Amino acid sequence: MQFFKKTAPFYNLTLFYIVTSLILRSVLFFHPITQATFEWVDLLKIFFLGMASDFFVFVIASFFLWLYLTFLSNEKYTKPWGYLLFGFFVSLLIYVTFFNTILNEYGGALPSIGIGFIALKTILFGLLLFLPKYRANIRLGLFSITIFIFVLVIIQNGISEYFFWNEFGLKYNFIAVNYLVYTNEVIGNIMQSYPVIPLFTGVGILAGLVTFLIVKRSKPFLDNLPTFTEKLKNIGIYIALVLVSLFAIPLLAKQEDSQNVFANELESNGLYKFYLAFVNSELDYFKFYKTLPEKEAFALLGNQIEGISGENTLRKIENSAVETHKNVVLITIESYSAEFLKIYGNEKNLTPFLDSLSTKSMLFTNLYAVGNRTVRGLEAVTLCLPPTPGESVVKRKDNKNKFSTGAIFEQKGYSVKYLYGGDAYFDNMQDFFVGNNYDIVDKKTFQPKEITFDNIWGVCDEDMYNKAISVMNKEADSKKPFFNHIMTVSNHRPFTYPNNKIDIPGDAKSRDGGVKYTDFALKQFFKKAQEQSWYSNTVFVILADHCASSAGKTELPMDKYRIPAMIFAPDFIAPQRVTKLVSQIDVMPTLFGLLNFKYESKFFGQDVLKTNYKPRAFIATYQDLGYIKDNVLTILSPKQQVKQFELLLKPKSGIESDFQLYYEEKPLQTQRQDLINETISQYQAASSLLKKKKYQK
């Protein structure tokens, strides 16, 4: 009992964190997105092992709380120590304010932050030193503020985990780490997507009430601060807890081994998941995944990609017909799942224009996005190689002068541009595209009169398309063919767009509205494009960057990666369906085949219309690497893990066989070693070429 009194702040905050996590787990367990059946073993692990994990994680996370509590004492204000310490703080404040320090070397806001912190510390120490009559009240106030901050962080983390689950059906992962880098866009997205004022008001009131209770229960600690000897004992206990926690946390994480992905996610601790995602932002394939001897890997790859030899993918692409240098407009649509289209079974009539355009185009009915983020989609259509573990190439330091679709167009005499309605700084797009010889047209290039509506992500799609048409009109005047890659933004939370455009208000913040407005804006673009001189000489490639959601019962749910894709060029490409299994990385090589381009290729992507094409597709997260072939999904994961699933179609009535989306992923009873080796060869070869800088143009 005495121990709990001497550690009351830590004890009460730990209890609050565990209770908050328990409530969060319960809420996520019953969340509509958690579509799974749980065994009793799963339930025990979710709530009991999860609670243990929460305790050990909080031990580590409470380091600064222990540090603060350790330095709470009355002895340091006695003479002469109090005056010596105050003199030290004053001297330090003078030094950092008027002299050149290491803070100045770093520059930016750091010197101001440092000065402000030291000034505050000096003032507070002075008040506690020179006003002994009010010391207890001042300390109580400062202690209450400290506890309030910890309580607020705990509540805010719980709410953040809920919203992240609501968006992705997962605890924190690599995406959450990325969001920390782009705080402006993310905070703006939250401000525009949720009722922030009522939410924050409620959080503030709740944090205040909890703080009041914890401070009240901690009064015996403040009234009788631990002695020096007692502090040494407490520090020893805390160090012991830290050592146990460092061992226990990864051990408990290894128990997240259920076949049910939702069970593993619910069992996990969000903060630890965030830490893992942060430290594993770049996963070295050769350290974490199964490998083959390099020669064997490339030999197997040669069975899939005809014409390569040696440890590279270089080969000649020949076409017997004369090259056609038509203009090309590539439109990657933000978060556009195949399930939004009527042909795939949607009954809400959200995409009337795309539904109509699909009947006039070369339609890829069975095409899969490689990943679940925009940068993965951009990587796929630009570099045409499988997704490698960790961060997308777009966001890596070594992202320049790659062998790209833009480089092929450049060889053929095209002007090459990337057009984006937001700030291309986001997700490192500007660095990547400029580094690969694309000109950039983004929000910074818009005149005020060209913007009729914008939100945190950028201008609405109509404004972007209008800008694109003006850019293409100028390019057409130069008599030079152009390749313009347009990335849309409107179909992204907060799903706001101009009012009075469609039958769903622009301020309703509805995903259906975002989908329908995106389709509407695309229709307006084609309507205006048809009036331009370059239209009849232009090929339009339209596909999604990724799906609207990647959450599912398995690591890589098939239906969450299926995207619409079509190539439209009246009087040049006859309407038809390509029903073969196709990857997002194959779209541009297929287009080059339609244009009869002759070139040396390093692409893993292939012309799917060629007779030697062997159907397969890639789907992946930042760490789970999937390969679809022969109705089997093979997944490579860190720690040299491999899983295989038989894909059993779950047909939905009223939908043509070409557009069936849903599969049961049944664990394969006997592993297909040939497919495992083939999967390894694809991902290992891509990782090897990037690592050895052999995927340069």
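A disulfide is a pair of cysteine sulfur atoms within 2.5 Å. By this rule the count in the present structure is zero disulfides. The structure is a predicted model, in which local features need pLDDT of at least 70, side-chain atom pairs count only at pLDDT 80 or more, and totals for chains, interfaces and linings use all residues. Residues are numbered from 1 along each chain as its sequence is written, and side-chain values use heavy atoms, with hydrogens and water left out.

**Cysteines**

The sulfur of Cys-547 has its closest cysteine sulfur in Cys-384, at 19 Å, which is too far for a bond. For the sulfur of Cys-384, the closest cysteine sulfur is in turn that of Cys-547.

| Residue | Relative accessible area | Class |
|---|---|---|
| Cys-384 | 0% | buried |
| Cys-547 | 4% | buried |
| Arg-25 | 3% | buried |

**Overall form**

The protein has 25 helices and 19 strands; helices (H or I, at least four residues) and strands (E, at least two) are DSSP runs, numbered from the N terminus. Its radius of gyration, taken over C-alpha atoms, is 29 Å, close to the 26 Å that the globule rule gives for 697 residues, so the protein is as compact as a globular protein of that length. The globule rule is 2.2 Å times the number of residues to the power 0.38. Along the principal axes, the C-alpha atoms fill a box of roughly 95 × 60 × 50 Å. Of the 697 residues, 56% count as buried. The protein exposes about 31000 Å², of which carbon and sulfur atoms supply 61%; the areas come from the Shrake-Rupley method with a 1.4 Å probe. Contact means heavy atoms within 4.5 Å. Among contacts with a separation of 6 or more, 73% are between residues 24 or more positions apart.

**The sheet and its helices**

An open sheet of eight strands with mixed pairing has the order β6-β5-β9-β2-β10-β11-β3-β12. Two strands pair if DSSP finds at least two bridges between them. Strands β6 (439-441) and β12 (576-578) are the edges, each pairing on one side only. From one strand to the next, the twist averages 15 degrees; axes are lines fitted to C-alpha atoms, for helices over the stretch in contact, and angles run from 0 to 180 degrees between N-to-C directions. Within the sheet, β5 (residues 415-420) and β9 (residues 482-487) pair in the parallel sense over six bridges. Lys-417 has Asn-484 in β9 as its bridge partner.

Helix α23 (residues 511-529) packs on the sheet and touches β2 (327-333), β10 (538-544) and β11 (565-568), its direction making about 170 degrees with that of β2. Helix α24 (residues 587-594) lies across β2, β3 (362-364), β9, β10 and β11, and runs at about 165 degrees to β10. Eight of the eight residues of α24 are buried, so this helix is largely enclosed by the rest of the structure. Among these buried residues are Met-588, Leu-591 and Phe-592. After α24 comes Asn-596, with a positive phi near 60 degrees.

**Arg-25**

Arg-25 belongs to helix α2 (residues 8-29). Not counting residues up to four places away in sequence, Arg-25 touches Ile-46, Phe-47, Gly-50, Met-51, Asp-54, Leu-266, Glu-267, Ser-268 and Asn-269.

Note on methods
Buried < 20%, exposed > 50% of the residue type's maximum accessible area, 1.4 Å probe, protein only.
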